[in-house]
Structures are given as structure tokens and as C-alpha cells.
Amino acid sequence: MPDLVVPARFNGPPASANGGWSAGALAALLLPPEASARPVSVRLHRPPPLDVPMSVEVADDAATARIDGDVVLTAAVATEEALGPDLPAVDLETATAATVRYAGRQDHPFPTCFVCGTQRPDGLRLEPGHLLFREEMTACPWTPPEDLDAGDGRVALPVVWAALDCPGGWSADLVGRPMVLGTITAAVPERPRVGEPCVVVGTVLGRSGRRTLTATALRRAADGALLARAAHIWVEVDPTAFSAP
């Protein structure tokens, strides 16, 4: 089994990996590409490092990534029910209009995040803003650029998981309450094509203490077809603990 390495480009907080990308990378090692529609749940036990090899062990329907014996990520095949609610489609015009309400433009705990960072011209540049008619939901457009081509004209699985990550957190509003991903459960029936306009929607499901539950869905803009979906558990943190050294 090859090591899992998160390239520095795919960071979340400045000194650690984006949770969705690293979780998707482990899921890709657990299941063959043709099985990406099966739900997989990944727990982040500690912030995944950047550019550091993590040994991976796969046994039955589970996988573990470690550094020097310490567990960093664990993954296991999950059920459809673990994916949370099936979120409704949002059209491209509505999703684009919602980006003007993206709170991260004014206050972002991790502005260099690969997925939603405002200081990352080479990132996904997702700007999920709240919908006027459903304030618990966010939406934003996403057209995958050509530099994310996995070699088959489609986006690599870890990037799809990354796109399913941050829009969930922003549905709960991260301003003044920064959170990091604790657990993500996702399924990807179809990876989007590069250059294909898509829409990502997110919704907050509930809060309990330092934990917040959210869900996201990625759909093709042209016909609203579901490409991928996820459910998350977020954990409130002190952002200074995730600052670059």
C-alpha cells in the first residue's frame, strides 16, 4: 500500500492539510475508483501534515493512516443514511448571487485555505454564501479548472471531497467561531469534468457544544444531476493553534 502524502498546495489551515482533500485521498486508497459511489466515513484524529508521508494500512472495509505509529486518519465504509439529507438543487444564477454574502470575504479564520481561501488564486475559490430564501443553506458555483484534471478529463477524487468540505462549515457561519473538520462521510457517484459548471450547496443540521453538524451536495449546473454529497462533524477550535510556524 503506498504512503499517503498531502502536497503543500492542498492546505486548509496554514500548516496542515485540508480535511476534505486528505480524507478523500484516504478514501481513494480504501476503495477502487469504480466504487467511489459507496459512502466512506473518515475521521481526522489530528491535523494531517503537509508533504509528510503517512503509512496506510487497509484491512477489510477500513483504512488507517499513521505517522511514526500515531493515528492521523481512519476511514471505514459507511451507510447511505450516514450521508445525511438529500439537499435540493440550486440553479447557477441563484448560487452565483449568493456569493456576495460569503462571510469569508470580511472575516476568514484560514484565508489561505485551498478550498475557500480568499488569498488563494490557485485554489478552488469557493465562496459559499447564504441563500435568501433558506438562510440555513449556502450555495456557490464551481467550474473545475484544467489544472485539476486527473488525466481522464475529470477531477481527482480528493479534490471532489475537498469541494464538499468547506461549504458545509460556512453554512454554520465560521465568523467568530472558527471550526475544523472532525469527520466527513462522502459518496461520489460521478466526478465532475474539468470546465463543467457545477453548484455546491451546504446546510447546517445542528449544534451541540463545540460540535456542529452539516451536509453538502455537488450538482451539475446544467441539469441538477447529483455528482457527490457529504455529511460532516465540525469542531470549534482556537485558530492560533493552527497558525503557520
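Which residue caps the N-terminal end of α1? Asn 18 does so, with a side-chain oxygen lying 3.1 Å from the backbone nitrogen of Gly 20. The model is predicted, so that local features need pLDDT of at least 70 and side-chain atom pairs count only at pLDDT 80 or more, while totals for chains, interfaces and linings use all residues. Residues are numbered from 1 along each chain as its sequence is written, and side-chain values use heavy atoms, with hydrogens and water left out.

Helix α1 covers residues 19-30; helices (H or I, at least four residues) and strands (E, at least two) are DSSP runs, numbered from the N terminus. At 1.5 Å a residue, its twelve residues should span 16 Å, and the end C-alpha atoms are 17 Å apart, which agrees. The expected span is 1.5 Å times one less than the number of residues.

Ten of the twelve residues of α1 are buried, so the helix is largely enclosed by the rest of the structure. Buried here means under 20% relative accessible area (1.4 Å probe, protein chains only). Among these residues are Trp 21, Leu 26 and Leu 30. Their cover includes β1, β2, β3, β4, α3 and β7.

Some of these covering strands also pair with one another, a pair requiring at least two DSSP bridges. Strand β4 (residues 70-77) runs antiparallel to β1 (residues 40-44), joined by five bridges, and Val 40 stands opposite Val 77 in β4. Six bridges link β4 with β3 (residues 62-67), again in the antiparallel sense; here Ala 62 stands opposite Ala 76. Two residues separate β3 and β4 in a hairpin, and Asp 68 in the turn has a positive phi of about 50°.

Note on methods
Buried < 20%, exposed > 50% of the residue type's maximum accessible area, 1.4 Å probe, protein only. Contact = heavy atoms within 4.5 Å. Polar contact = N/O pair within 3.5 Å; in protein donor to acceptor, adjacent residues only side chain to side chain.
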